[in-house]
Amino acid sequence: MNKTSNFKIKTNNFFQNIKVKDYFTNMDYLPRWIIFCIDISIVIFVNIFSYWLFRFLHISFYNTLNPILRYGLVVLINGFFFLYFKTYSGILRHSTFIDGIKLLYATMYSFVILVLINYSTFFITGKKIFVIPALFINLAITFSVLFLFRIFVKFVFENFMVEKNKSKLINTLIYGADANAISVVNALNSEKPLKFKVLGFIDKDNQNTSKRILDVPILNSKRKISIIMRSVSAEALIISDKSLNKQQKLDIVEECLEYNFKVFTVPSIANWEDKKEIANKVTNFKIEDLLERNPIVLDTKLISKQLKNKTILITGAAGSIGSEIARQVINFNPKKIIILDQAETPLHHLKLEMDKLITEIKIKTVICDIRNKEALNQVFIKYKPQVVFHAAAYKHVPLMEENPAQAIFVNVMGTKNTTDLSVEHGVESFVMISTDKAVNPSNVMGASKRIAEKYVQSLFFNSNSDDKTTKFITTRFGNVLGSNGSVVPLFKNQIASGGPVTITHPDIIRYFMTIPEACQLVLEAGSMGNGGEIFIFDMGKPVKIIDLANKMIRLAGLIPDKDIEIKIVGLRPGEKLYEELLNDTSKTLPTHHEKIMIAEDLKDDFESLIKEITELIEIAHTYRSDEIVSKMKLIVPEFKSMNSDFESLDN
């Protein structure tokens, strides 16, 4: 063991055994007046020391003033400049280069003023007060002691006073070696209690790998991240380099997860609202960060043409999709937005949120059930909407499997009410939010949405209707990350509660897109449609749900099937192993947007369809589930129940 380590252990033991440690660690910061008094005391001590030093060296002093007045003047001038430059305002344990500069200014200005006083006295009386070399040495010693005192306090607090439970510290590397990375480490090292022990920086440009920052090395990134981390016994990586592109960042995260290393991200220092508790800003990567794709480029002119200065009605506005549509519609300067839902509390929360975002656009909140046509009609009469985004729906597959009548009332009858009133009141554009579960449906929910799609499309193409002022457009996409009831929030809650994470089948796959992405495409499709189209979105690559669960557990810093169990619980009623975006008989046509296509489905005869739907709604009022589902299967012949009590009806 070297002498430095031995000294540090002995000093630490000393501080551990005296009560003053507890006093200082429990105290936040010294008051400013105490720091000022300490600085003045240091000046007084240095003056006494220098007086006896100069006498020992046989340096002659002028007798213009006695020693007490002479050195009292030095203390007074120093004290003035301490106050002027506020050298006392810094927190000693967090002293920085700036604090050193303030001390230098204070002592240098003191020296200059004292020199001026010295020569002013000489010109007036012919006598000097100070010996200039002795005065310079005095002030140089003063600055050195003041500066070293702050370094000493900083050293003591960082190494002995601050509580460090080293057994619980996370050995960490910082990816990045720029100003942001250095600021992160400084903030982490100054926290009490410490959470991370920073072992070094990784510089992706490999420019400073022979150097050290904050007494830790800069490591070469030519080797794999996992090898670097293993070589220094690191447990976690904090990515602070904001110059990384999305793919580089994903590659690093994937590698860390593969080798069971924790990986965190931290915001840029420019986005730190509060410089304290920076460890709380060091957060796990979200699964959305890994699944999210490149930003969508929207035709803002086309969307603006559809929405600007218009009155917009959004049904189901309290839901995850409806509320995001409302947030995005605001950006296109509509005249008025009507947010409609039957869910009181989330609708109220959305209204409060939107009131903070805008001042000029009118936001009207309407509590209404789309199953009540008369109440809905009053909304159309009162507000005269020009564009309708229809997001209201029941969407949970198992619940609708148990309550098929409710699926008909909301998803079919509610959609019919809204579309009929849109035609009646001359709405310019009607955009329906559908789902990939409507394609070759295997459950009641998907089949009810497919019936709604059929009605919306056939209504536009109704040959007996001369009124085609309303454009009816359907948008169809898959699972949305983070939407109410989706698998991602479920997994997050299960992980937070210690597991198990439940998966219905090890081979189940799903397509995912983020809520903002889905709603952006809805706006784009709504603006490009001429009427009668069913737009489908490019959902990217399918994701295996068991892989998703594994990744989310690792992102939480845990190990699957060790810290968190993954439990297979079996397919739910009506659930498929995979979803589709097209029926077997459908084809697609491209559009000017690479992520949006048009599905060419067979069109139904409107008169026959309206008769079938009317009968379906009448049957739904009997609440006889088998009869309801049988009728649905007649309207949607491709509806084949899976893992459901209604499978027998397919025979």
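Close-up 1. The model is predicted, and local features need pLDDT of at least 70, side-chain atom pairs count only at pLDDT 80 or more, and totals for chains, interfaces and linings use all residues. Residues are numbered from 1 along each chain as its sequence is written, and side-chain values use heavy atoms, with hydrogens and water left out.

**Close-up 2. Aromatic pairs.** A search of the whole structure gives eleven aromatic pairs; rings of Phe, Tyr and Trp (its six-membered ring) pair if their centres lie within 6.5 Å, and planes under 30 degrees apart count as stacked, over 60 as edge-to-face and the rest as tilted. Phe-80 and Phe-81 make an edge-to-face pair, with 5.1 Å from centre to centre and 80 degrees between the planes. Ring pairs also join Phe-80, Phe-81, Tyr-84 and Tyr-109 into a cluster.

**Close-up 3. The pair of Tyr-455 and Phe-606.** The ring centres of Tyr-455 and Phe-606 are 5.9 Å apart and their planes stand at 40 degrees, so this pair is tilted. Because Tyr-455 belongs to helix α17 (residues 444-460) and Phe-606 to helix α21 (residues 606-620), the pair ties together parts that are 151 residues apart in sequence; helices (H or I, at least four residues) and strands (E, at least two) are DSSP runs, numbered from the N terminus. Tyr-455 is buried at 4% relative accessibility, and Phe-606 is buried at 11%.

**Close-up 4. Helices α18 and α20.** Helix α18 (residues 487-496) packs against helix α20 (residues 545-555) at an angle of about 45 degrees, with the axes 10 Å apart, and the two are therefore oblique to each other, a word for angles that are not under 35 degrees (roughly parallel), over 145 (roughly antiparallel) or 65 to 115 (roughly perpendicular). In α18, Val-487, Val-488, Phe-491, Lys-492 and Ile-495 meet Ile-545, Leu-548, Ala-549, Met-552 and Ile-553 of α20, contact meaning heavy atoms within 4.5 Å.

**Close-up 5. Pro-217 in strand β4.** Pro-217 is placed in strand β4 (residues 216-220) and, at 25% relative accessibility, counts as partly exposed. Leaving aside residues up to four places away in sequence, Pro-217 touches Leu-199, Gly-200, Phe-201, Lys-211 and Arg-212. Pro-217 and Gly-200 are 17 residues apart in sequence, and their C-alpha atoms are 5.0 Å apart in space.

Methods
Axes fitted to C-alpha atoms, helices over the stretch in contact; angles between N-to-C directions. Buried < 20%, exposed > 50% of the residue type's maximum accessible area, 1.4 Å probe, protein only.
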